[in-house]
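Hello,

Here is the structure we talked about. Please look through it first and then read the notes below.

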Amino acid sequence: MVTRRVDLRSDTVTKPTEAMRAAMASADVDDDVLGHDPTAARLEKEMAKIMGKEAALFVPSGTMANLICVLTHCQIRGSEVILGDYSHIHIYENGGISTLGGVHPRTVKNNEDGTMDIQLIEEAIRDPSFEICYPTTRLICLENSHAHSGGRCLTAEYTDQVGELAKKYGLKLHIDGARIFNASVALGVPVHRLVQAADTVTACLSKGLGAPAGTIIAGPRDFIYKAKILRKTLGGGMRQVGVICAAALVALEENVAKLETDHKKAKTLAEGVNNIKGLKVDLASVETNIVYFDIQESLGITEGKLLKNLEAHGIFAMSEGPLKIRLVIHHQISETDVQYTVSCIQKIVGGLVGENGGN
């Protein structure tokens, strides 16, 4: 029986550390819906400072955070938002901006590095003189780092360009910064500089930072006031939420510094997998903590069979489509876990190829 567990499904699977649990147990709390929870206020103030914005708001999840931001920017139903065709908001958030807000998504092709061509963004902006037929463009959304591109990072210079374009047409710019701290560490650029051109930004507390739950929205004070009302509408008012915010404060203090090590482990993992015959990793795409690898069709192995065999060895990962698997490093994955994973993948692939009579 395998007792070892290496969970690479996502960086959302981390368990609260002892320091987090202690902070949660002793957290100073009050009713946050009424605006009186001191620990939530402390977290929001700290995150606003890190983001370089006037104010911030704790919400239960990244999906709710992005939904609140899009709906607050696009308060008129039938508004249109420009976003990447492989953005998290467009693919993985249940179509909430349309279902709940009546906001129409207009997609632009994401490049391999997670960017969208500036020219294509500009071409996607609707001509307001034909509003008798067109929806009205009100918002542009970026994602940094870009998950579907393998955790690639958008530079401050690129974001500035998009921000200038938004201003030119009187639009707002929102950044889905679920892993913005990963991008900051990988680029060596402070978070506030990466999001300087954005009107609003979200930052997940439960991904790379390893807190149990929650996302922060940061932006202008009047925007956050409206966002707090919508949070309540969506069921996100959580009363004594300082219990959760206390863990997030520990995460900010202890885990941001660990992200660089996470990225190094991801590169080690990527190189190890890429050296296995029949598996392919685009090593240039591994900038942060996410590794995708492709299974060559000639091996005769499906991603489902490989995942099932990995689980038998205590290793958990996720399919990213036919013959493609995603591995995500977090602070609770050790260097020996990485070596164990590479060794098991090599052993399993060799065994399955042998069963199939392959090379």
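**What was found**

E287 counts as partly exposed, because its relative accessibility is 24%; buried means under 20% relative accessible area, exposed over 50%, and partly exposed in between, with a 1.4 Å probe and protein chains only. The model is predicted, so local features need pLDDT of at least 70 and side-chain atom pairs count only at pLDDT 80 or more, while totals for chains, interfaces and linings use all residues. Residues are numbered from 1 along each chain as its sequence is written, and side-chain values use heavy atoms, with hydrogens and water left out.

**Salt bridges**

E287 forms a salt bridge with R152, and the closest N and O atoms are 2.8 Å apart. A salt bridge is a side-chain nitrogen of Lys or Arg within 4 Å of a carboxyl oxygen of Asp or Glu. This pair links distant parts of the chain, 135 residues apart: R152 is in the loop between β5 (136-143) and α7 (156-168), and E287 is in the loop between β9 (279-280) and β10 (290-295). Helices (H or I, at least four residues) and strands (E, at least two) are DSSP runs, numbered from the N terminus. R152 counts as buried, at 14% relative accessibility.

The whole structure holds eleven salt bridges. Another one joins R4 and D337, where the closest N and O atoms are 3.0 Å apart. These two residues are 333 residues apart, with R4 in the segment before β1 (6-7) and D337 in helix α14. R4 is partly exposed at 33% relative accessibility, and D337 is buried with a relative accessible area of 10%.

D31 forms a salt bridge with R239, with the closest N and O atoms 3.1 Å apart. D31 lies in the loop between α1 (18-25) and α2 (38-51) and R239 in the loop between α10 (221-233) and α11 (242-254), so the pair ties together parts that are 208 residues apart in sequence. D31 is buried, at 14% relative accessible area, while R239 counts as partly exposed at 38% relative accessibility. There is also a network of salt bridges that links R5, D7 and R9.

**Two buried loop residues**

S145 lies in the loop between β5 and α7. Is S145 buried or exposed? S145 counts as buried, because its relative accessibility is 4%. Leaving aside neighbours within four places in sequence, S145 is in contact (heavy atoms within 4.5 Å) with residues including R152, C153 and T288. The C-alpha atoms of S145 and D176 are separated by 8.5 Å, and the two residues are 31 residues apart along the chain.

H331 is in the loop between β13 (324-328) and α14 (335-355). H331 counts as buried at 13% relative accessibility. Not counting residues up to four places away in sequence, H331 touches T14, T17, G210, N255, K258 and D262.

**A helix pair**

The axes of helix α8 (residues 180-187) and helix α12 (residues 259-274) come within 9 Å and cross at roughly 80°. Axes are lines fitted to C-alpha atoms, for helices over the stretch in contact, and angles run from 0 to 180 degrees between N-to-C directions. α8 and α12 are therefore roughly perpendicular to each other; angles under 35 degrees count as roughly parallel, over 145 as roughly antiparallel, 65 to 115 as roughly perpendicular and the rest as oblique. F181, N182, V185 and A186 of α8 make the contact with L259, E260 and H263 of α12.

Regards
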